[in-house]
Amino acid sequence: MSDIAFSRREALAGLSALSLTACAGTAAPAASSPAPGEGLHAIAQRKGLRFGSAIAYGAEGSDSGSIGNPEYRRIIERECGLVVAENEMKWQAIRPGPDQYNFAAFDAIVRYAKAKGLDIRGHTLLWHRPKWLPEWVNTYDYGARPATEAARLITSHIETVTRRYRGVIHSYDVVNELFDDQTGAFVDTSLSKAMGSHEAVVDLAFHTARAELPGAELVYNDYMSWEPGHANHRAGVLRLLEGFRRRGVPCDALGIQSHIEMRTIDRKTGIGPYDLKEWRAFCDDVTGMGYRLLLTEFDVKDNGLPADYAARDAGVANYTRAYMEVMLAYPQLRDILAWGMVDKYSWLQGFAPRADGLPQRCCPYGDDYRPHPMRAALAELFAGAAPRA
Ligand code: G3I
């Protein structure tokens, strides 16, 4: 049913079939077109949506997707209403030791965003993975009262960060990625071992954030997705969110990272396979419990598409369309953030290389800073979205 070796001709043929299927199968978006030259956030805003992107720190003139790259900045300022630091607010970046903090790089991003009138999301108060915690956390000596000491490390971190950016950051990924994506079981860290359970860690993180920021949006963020193979991950996240409601944990929203991927291609549609019924059931369950939704880290892995640029870009735009049509149908969704705006600076170039060695074409803009068809697809989707209250 799917095949990695997929030709350009098949890709383009599949794409016309897909548009017909899309027209027949989903509610047509309200007719409306983006005005020429209008940025994605401006288009989104007309519908009560917001569009933004990840951005990195970089010294002025640096060749990166950062505040130091004038060409990258131009795209951010034209297209975005909010930004999120790709790495600079993580424990690895700001907490070099148990009682030390270093906010220099993140502060520079905050200063830039404020100067440009961009909102800022906080990512993340706790990425619960040994691989992405500083090594000192993984090897920490918690002493005679491990639970008390772990609680101190977590609360002091969250208090320090939220107090520093009070009035500036109104939406936080409080906890990021708790699960083994294959089994849906919690992944241990030294913190969860010291505290005796994952729930103890996560609940404390959310309660501490709420105590500091009564009015902020508190988000659980993860990469469970709509492709086949994500069922256990989705089930784990649902159990977590149900548990939050039972225990009165103050979590407002689910951050759906949306690193959507086409590792293989369905010959009937010309794009990657996805479990639409199961995915909608998942989103319905989440919103049914009263959670809002955010798309926090959107990009598209194009590994299964042919090398040819036109076919690849069309496939990426069509997969974007299929996904966003489903997601924009949820009135609980307001914020959509890309995980970077320009292909060459995307994490995917290093983390998900294509078999043919060619770069991924995964972001709204190409390496020449010109928009991909994905960007036009997003503009049309936002323009056609139902207005939010
Ligand atoms: O800055 C150092 C550089 O000094 C050093 O020479 C180089 C050598 O490896 O590493 C550089 O740091 C890298 C950093 O990105 C900045 O580029 C790290 O190795 C690398 O591991 C890190 O990867 C980031 C990853 O999270 C881990 O923090 C990616 O950029 C970032 O896109 C990715 O973002 C995550 C979200 O936070 C959570 N959801 C998934 C998403 C993608 O993995």
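Q: Which ring does the charged end of Arg361 sit over?
A: In this predicted model, the charged end of Arg361 sits over the ring of Tyr309, at 3.8 Å from the centre of that ring.

Q: And what about Arg95, what does that one lie over?
A: Arg95 lies over the face of Trp91, and here the distance from the ring centre is 5.0 Å.

Q: Staying with rings, how many aromatic pairs does a search of the whole structure find?
A: The search finds 20 aromatic pairs, and ring pairs link Trp226, Tyr274, Phe298, Tyr319 and Tyr323 into a cluster.

Q: What about cavities, how many of 30 Å³ or more does the structure hold?
A: The structure holds 1 cavity of 30 Å³ or more, and the volume of the largest cavity is about 30 Å³.

Q: Which residues line the largest cavity?
A: The lining of the largest cavity is made up of Ala54, Gly65, Tyr72, Glu86, Gly340 and Tyr345, and by class it divides into 3 nonpolar, 2 polar and 1 charged.

Q: Switching to the ligand: how many residues surround it, and which are the closest?
A: The ligand is surrounded by 14 residues, and the closest of them are Glu86, Lys90, His123, Glu177 and Glu297.

Q: Which side chains have a polar atom lying by a nitrogen atom of the ligand?
A: Glu177 has a polar side-chain atom 2.9 Å from a nitrogen atom of the ligand, and for Glu297 the distance from a polar side-chain atom to a ligand nitrogen is 2.7 Å.

Q: And what is 2.9 Å from an oxygen atom of the ligand?
A: That is an N or O atom in the side chain of Trp339.

Q: Back to Glu177, is its phi positive or negative?
A: The phi of Glu177 is positive, at about 55°, although the residue is not a glycine. Most residues other than glycine have a negative phi. Glu177 lies in the loop between strand S4 (169-176) and helix H8 (190-195).

Q: Last one, what kind of peptide bond joins His123 and Thr124?
A: His123 and Thr124 are joined by a cis peptide bond, with omega about 0°, and Thr124 is found in the loop between strand S3 (119-123) and helix H6 (135-138).

Notes: Residues numbered from 1 in each chain as written. Predicted model: local features only at pLDDT ≥ 70, side-chain atom pairs only at ≥ 80, totals over all residues. Heavy atoms only, no water. Phe/Tyr/Trp six-rings, centres within 6.5 Å; stacked < 30°, edge-to-face > 60°. Lys NZ or Arg CZ within 6 Å of the ring centre and 35° of its normal. 1 Å grid on protein atoms, 1.4 Å probe; cavity = no way out; pocket = protein on both sides within 12 Å on 5 of 7 lines; lining within 4 Å. Points joined across faces, edges and corners; volume = space filled by probe spheres on them. Nonpolar A, V, L, I, M, F, W, Y, C, P; charged D, E, K, R; others polar. Near = heavy atom within 4 Å. Polar contact = N/O pair within 3.5 Å; in protein donor to acceptor, adjacent residues only side chain to side chain. Helix = DSSP H or I, 4+ residues; strand = E, 2+ residues; numbered from the N terminus.
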